[in-house]
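The sequence and structure are shown first, and the discussion follows.

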Amino acid sequence: MEVESTVEGGEEVGTDLVTFELPDDWAVLDQEAMGERVGSEANPMLEEMSERLGVTPEQLAVQMDAVELYAAAPGGAVDGFLTNVNVIEQPLPSGGLPEPEGIRPDLMAFADEVGDITEIEGDLEGLRAEYTVSSGGLEVRGEQLYVEVGDQLVIISVSAARAEDAAEVADLVEQSLGAA
């Protein structure tokens, strides 16, 4: 069965540190909105996500606190997984942005397989890495972009059931990525 591409058009989204484009029909939540949704006691999404990830709803809520922005593709899950993008900002490690192979160990901490790690250039320079994670019978394909903004490391994760969907969205993010 042929499934349409998840990428069409673009709408600028961002955090206090970065901006980039996503398809204009995606649902976007910033950290404040996420806190309200995740913090809800009767949140079936939180319950289901925590079960899939093998953590308690409280543990997932703590993890979600670190997410500055979360966006999801319309149309529901593809092959059991909802294509999404999330942005995490953290203090830059001493020494700045790691070399390409320097991020492989961090990726291997959660990924089953790490593919190519390449340098990105544009308004912001950084790294882009491909990975695969298997969880609960699902195989998730991802691409992670790492950029240095001031004294912060911004990590933009694109996750999808299909590698081509993750790559298309990551291409759009990379091409439109800039400092806020």
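In this predicted model, Arg104 and Glu101 form a salt bridge whose closest N and O atoms are 2.6 Å apart. Arg104 is partly exposed because its relative accessibility is 24%, and Glu101, with a relative accessible area of 49%, is partly exposed as well. Side chains of opposite charge can pair when their charged atoms come close. A search of the whole structure returns seven salt bridges; the table lists some of them.

| Salt bridge | N to O distance | Relative accessibility |
|---|---|---|
| Arg104 and Glu101 | 2.6 Å | Arg104 24%, Glu101 49% |
| Arg128 and Asp171 | 2.8 Å | Arg128 9%, Asp171 33% |
| Arg162 and Asp165 | 2.8 Å | Arg162 16%, Asp165 1% |

For Arg162 and Asp165, the pairing involves two buried residues: Arg162 has a relative accessible area of 16%, and Asp165 has a relative accessibility of 1%. The salt bridge between Asp171 and Arg128 ties together parts that are 43 residues apart in sequence, because Asp171 lies in helix H5 and Arg128 in strand S7 (residues 126-135). Arg128 is buried, at 9% relative accessibility, whereas Asp171 is partly exposed at 33%. Through shared partners, salt bridges join Arg128 and Asp171 with Glu143 and Glu174 into one network.

Nonpolar packing is considered next. The largest nonpolar core contains 25 residues, of which Val18, Phe20, Leu22 and Ile156 touch the most other members. Two or more residues of this core come from each of strand S2 (18-22), strand S4 (67-72), strand S5 (84-91), strand S8 (138-149), strand S9 (152-160) and helix H5 (163-176).

The surface carries a patch of negative charge in which Glu99, Glu119, Glu121 and Glu125 gather.

One backbone feature remains. Asp79 has a positive phi of about 55 degrees, although it is not a glycine. Asp79 is found in the loop between S4 and S5 and is exposed, with a relative accessibility of 60%.

How values were computed
Residues are numbered from 1 along each chain as its sequence is written. This is a predicted model: local features need pLDDT of at least 70, side-chain atom pairs count only at pLDDT 80 or more; totals for chains, interfaces and linings use all residues. Side-chain values use heavy atoms; hydrogens and water are left out. A nonpolar core is a set of buried Ala, Val, Leu, Ile, Met, Phe, Trp, Tyr and Cys residues joined through side-chain atoms within 4.5 Å. Buried means under 20% relative accessible area, exposed over 50%, partly exposed in between (1.4 Å probe, protein chains only). Helices (H or I, at least four residues) and strands (E, at least two) are DSSP runs, numbered from the N terminus. Patches are made of residues with over 30% relative accessible area and no salt bridge: like charges are joined within 9 Å, nonpolar side chains (Val, Leu, Ile, Met, Phe, Trp, Tyr) within 5 Å. Accessible areas come from the Shrake-Rupley method with a 1.4 Å probe; for residues, only the protein chains shown count as cover. A salt bridge is a side-chain nitrogen of Lys or Arg within 4 Å of a carboxyl oxygen of Asp or Glu. Lys and Arg count as positive and Asp and Glu as negative; His and the chain ends are not counted. The place of a charge is taken as NZ of Lys, CZ of Arg, CG of Asp or CD of Glu.
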